[in-house]
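Hi everyone, thanks for making time. Let me put a structure up on the screen, and then I'll walk you through a few parts of it.

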Amino acid sequence: MSDKTGVITKIQRELFYVSVGNEVYPSKAKGNFRNKKITPVVGDKVDINVENGLGFILKIHPRSVLLHRPEVSNIDKCFVLSSIKSPNINLMLLDKYLLMIEKNSIDCVIVFNKSDLVSEDEKKIYADIYRNVGYKVIFNSNESSITNEELLNEFRNHINCVIGPSGAGKSSTLKKLFPSEYFISGKISDKTQRGKQTTRHIEIKMVDHNTYVLDTPGFSSFDLSFLNDKSEIKNNFVEFRKNSLRCKFNNCEHINEPKCEIKRLVEIGEISQSRYDNYLKIVEEYKKIRRY
Ligand SMILES: Nc1nc2c(ncn2[C@@H]2O[C@H](COP(=O)(O)OP(=O)(O)OP(=O)(O)O)[C@@H](O)[C@H]2O)c(=O)[nH]1
Ligand SMILES: [Zn+2]
């Protein structure tokens, strides 16, 4: 029997896989977490007590970040990966992802994948929207045989999470950037390893001791329950936050107020119409969930 500290790298079939150095301990959550309504998530740093190869989680260390969808903690960089075609880009979903990422103050890179399917003109339309806000935008294609070094370098020395809609190419991109031999895989110390695993699950993979990557199942919509207050919406649209000091009212919502700098910038094309329209829709959606 011994106590160890490690990181939850995978959750599957009610077992939490805790990596301690190069060892992985399948672990169970003690009842006290359930009573406190705290559920351990992938990314959590935990203390475990190991008995005959099976761990019991005793304590979850304080989290620096807790994402809502996917539910993961302590990551420090997020790649939002979306295709422009096949499936068609969903800017509303992209803006919601960015809102969630900004709220958590995580580094962010936007990846437009399947760049082989779109023209240069079309690429520019989407790149401009987000580069003007200040986001880093990288195009990628897995059809090309060349490794995307620019993208690869963005992953180094971070705990990374790749999110994006279903079918955008998250798994294909990671497989190409990090062929399996580059992953140092922990040895599973579960002597009763159950058969082939087919369930979809969230898993952090180690590329090297400073670089981790988390590939998550895609989803095509998500709710706004991660927000605590309506003002978090305007404060986490980066270009609104930056310019709102020039609005006439210091609590301007940028909707109906006169002399609103944000509306002026939309009119003259300095803030993208689609970002502004999505802001309005997100505010409406948030008001609806708060009414119930
Ligand atoms: N043309 C083209 N097709 C791609 C590219 N990347 C991935 N695909 C294809 O897109 C499809 C979806 O790719 P996945 O990697 O499974 O997508 P995913 O985002 O992981 O999807 P989920 O697991 O549903 O979240 C597959 O058929 C890939 O072969 C690309 O750069 N160009
Ligand atoms: Zn305003």
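Before we go in, one convention: two strands pair if DSSP finds at least two bridges between them. Helices (H or I, at least four residues) and strands (E, at least two) are DSSP runs, numbered from the N terminus. Please keep in mind that this is a predicted model, where local features need pLDDT of at least 70 and side-chain atom pairs count only at pLDDT 80 or more, while totals for chains, interfaces and linings use all residues. As for bookkeeping, residues are numbered from 1 along each chain as its sequence is written, chains are lettered from A and ligands numbered from 1 in the order in which they are written, and side-chain values use heavy atoms, with hydrogens and water left out.

First, the overall picture. The protein chain has nine helices and twelve strands. Its C-alpha trace spans about 70 × 50 × 30 Å along the principal axes. Of the 292 residues, 49% are buried, and buried here means under 20% relative accessible area with a 1.4 Å probe, protein chains only.

Strand S1 (residues 2–12) runs antiparallel to strand S4 (residues 45–51), joined by six bridges, and Thr5 has Asp47 in S4 as its bridge partner. S1 also pairs with S2, again antiparallel, over five bridges, with Val7 partnered by Ser19. That hairpin has two residues between the strands, and Arg13 takes a positive phi near 50°.

From S2 (residues 15–20) we move on to S3, antiparallel with five bridges. Which residue in S3 stands opposite Phe16? That would be Ser27. In S5, Ser27 has Gly55 as its bridge partner, and S3 pairs with strand S5 (residues 54–60) in the parallel sense over three bridges. S3 (residues 23–29) is mostly covered, with five of its seven residues buried.

Next, the metal. The zinc ion (ligand 2) is coordinated by Cys247 (SG), Cys252 (SG), His254 (ND1) and Cys260 (SG), at 2.2 to 2.4 Å. Donors are N, O and S atoms within 2.8 Å of the metal (3.2 Å for Na, K and Ca); water is not among the atoms, so sites may look incomplete. The spacing of the donor residues in sequence is C-x4-C-x1-H-x5-C. Why call the arrangement tetrahedral? Because the angles subtended by the four donor atoms are 103 to 116°, and four donors count as tetrahedral if all angles lie between 85 and 135 degrees. Cys252 is buried at 2% relative accessibility, and Cys260 is buried at 6%.

Last, the aromatics. Rings of Phe, Tyr and Trp (its six-membered ring) pair if their centres lie within 6.5 Å; planes under 30 degrees apart count as stacked, over 60 as edge-to-face and the rest as tilted. There are nine aromatic pairs by that rule. In one of them, Phe237 and Tyr279 have ring centres 5.5 Å apart and planes at 75°, so the pair is edge-to-face. Phe237 sits in the loop between helix H6 (231–235) and helix H7 (238–243), and Tyr279 in helix H9 (residues 273–291), 42 residues apart. Phe237, Phe240, Tyr276 and Tyr279 form one aromatic cluster.

Key
Tetrahedral: all angles 85-135°; square planar, octahedral: opposite > 155°, others 65-115°. Buried < 20%, exposed > 50% of the residue type's maximum accessible area, 1.4 Å probe, protein only.
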